[in-house]
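Please open the structure in your viewer and keep the selection tool at hand. The stops below say what to select next and what is to be found there.

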Amino acid sequence: MKKISILGATGSIGLQTLDVIRNHPDKFELVAFSAGFSNEIEQVIEIINEFKPAMFSMINQSDCLKVLAETNCKYSYGSEGLIEVALSECDTLVNAVVGSVGLIPTCEAIKNGTDIALANKETLVTAGDIVMNLVKEHNVKLLPVDSEHSAIFQCLQGEDLKSVSKLLITASGGSFRDLTREELKGVTKAQALAHPNWSMGAKITIDSASMMNKGLEVIEAHHLFGIDYDDIEVLLHRQSVVHSMVEFNDLSIIAHLGSADMRIPIQYALSYDKRLPFNSKRLNLKEVKSITFEELSLERYPCLAYAIEAGKTGHTMPTVLNASNEAAVSLFLNDKIEFLDIENIVREQMDNHHLIKNPTLAQITKLDQEIKEIVIRRYS
Ligand code: NAD
Ligand code: MG
């Protein structure tokens, strides 16, 4: 029986993680979880009643108290609450919150010797060097949940990382993949939120439309697998059937295929290094008919170019990229800015930044807050 705790159990990845636990009650047990604001109270009560965890946490204490009126469960709240969930008696912490709020609890869990199943890519983008050093120091597993990284991780099983010549990360192209730059002017929030292949949380769906998501994933892959940025290639792959590939020094390419169902990589991260059965619709390659790969233009998708630039620059630049993007996406989702303002805000913050070399965790979290405040204040 593996004990699982989840940061962000009420989100898209969180709920799918609960489904994996539900499908394997003899293998996994929910120990603790966190959720967000008052609109999630009903969901929180349902999760407690179904999975009977030892504790839960929400952002505000008043919401926890409303949950307690209906259930009996230990609670915590705020940023301390996230840390308590991270430090709960679990074997694996699934980090499924959105944004850099996942960073500190992840570091605390690693220091406590807990394996991490990581969906929250912003954690690795904003502080990849620090997180990877902690992973090595405390000898824990950092298991990717992001479908591309799970694919690469699976392609690498039994392989020597030294024989890898290239990572090939696939991108569906997001909701605006067939629009020109000119046509992107004036696109709406509803259009941006209509992803062609995946149903996901709002922030990552906007990031997919801007291609920032793929940029964040390139940085994530660099840290997870220790591969140079010049050896990571992004391919437009409209069908989302090949989730990513690895090219080796003998020029063999190994690919991972499957249906576009996040429960597959989530379950793999939870059951690693075993596979468990999964009852769902299997991928029918005869229905897929053809799979295609195209070059992704950095001119068409400047956010991808900015992310690669930030990753190569290193130090605090990825923190600035991530924080300015998080703030800009929330402004866009609140109808304060246009879609194309997102990339301009990120560019502006990167241009204004004075790099801090080898930042500490405290410097990163301070900078993350500062950049978000500057951006939100300027455009609200
Ligand atoms: P989501 O918006 O659906 O869920 C986010 C979760 O985090 C919710 O439980 C919410 O309550 C919680 N949360 C949000 N802000 C919080 C805060 N300030 N403090 C505490 N909790 C907070 O997001 P998602 O789509 O599930 O994505 C989660 C992470 O997984 C993201 O980093 C995303 O990039 C990554 N990811 C998601 C998918 C997907 O299919 N959804 C795929 C790959 C990677
Ligand atoms: Mg992904």
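Asp 146 and Glu 148 are both buried, where buried means under 20% relative accessible area, exposed over 50% and partly exposed in between, with a 1.4 Å probe and protein chains only.

Before moving on, note that this is a predicted model, in which local features need pLDDT of at least 70 and side-chain atom pairs count only at pLDDT 80 or more, while totals for chains, interfaces and linings use all residues. Residues are numbered from 1 along each chain as its sequence is written, chains are lettered from A and ligands numbered from 1 in the order in which they are written, and side-chain values use heavy atoms, with hydrogens and water left out.

Next, select ligand 1. Which residues are the closest to ligand 1? They are Thr 10, Ser 12, Ile 13, Glu 122 and Gly 201, out of 23 residues that surround the ligand, a residue being counted if one of its heavy atoms lies within 4 Å. The shell around ligand 1 divides into 12 nonpolar, seven polar and four charged residues; Ala, Val, Leu, Ile, Met, Phe, Trp, Tyr, Cys and Pro count as nonpolar, Asp, Glu, Lys and Arg as charged, and the others, Gly among them, as polar.

A polar backbone atom of Gly 8 is 3.3 Å from an oxygen atom of ligand 1, a backbone N or O atom of Gly 11 lies 3.1 Å from an oxygen atom of the ligand, and for Gly 201 the corresponding distance is 2.9 Å. Taken alone, ligand 1 exposes 830 Å², of which the protein buries 86%, by the Shrake-Rupley method with a 1.4 Å probe. Colour α1 (12-23) and α6 (121-138), the elements that give two or more residues to the shell around ligand 1; helices (H or I, at least four residues) and strands (E, at least two) are DSSP runs, numbered from the N terminus.

The remaining stops are salt bridges, each a side-chain nitrogen of Lys or Arg within 4 Å of a carboxyl oxygen of Asp or Glu, and the count comes to 30. Select Asp 19 and Arg 263, whose side chains meet in a salt bridge at 2.6 Å, N to O. Asp 19 lies in helix α1 and Arg 263 in helix α12 (residues 263-271), so this pair ties together parts that are 244 residues apart in sequence.

Finally, select Glu 233 and Lys 166, whose side chains meet in a salt bridge at 2.4 Å, N to O. Glu 233 lies in strand β9 (residues 232-236) and Lys 166 in strand β8 (residues 164-171), so the pair ties together parts that are 67 residues apart in sequence. Glu 233 is partly exposed, with a relative accessible area of 27%, and Lys 166 is partly exposed as well, at 24%.

Note on methods:
A polar contact is a pair of N or O atoms within 3.5 Å; within protein, one must be able to donate a hydrogen and the other to accept it, and residues adjacent in sequence count only if both atoms are side-chain atoms.
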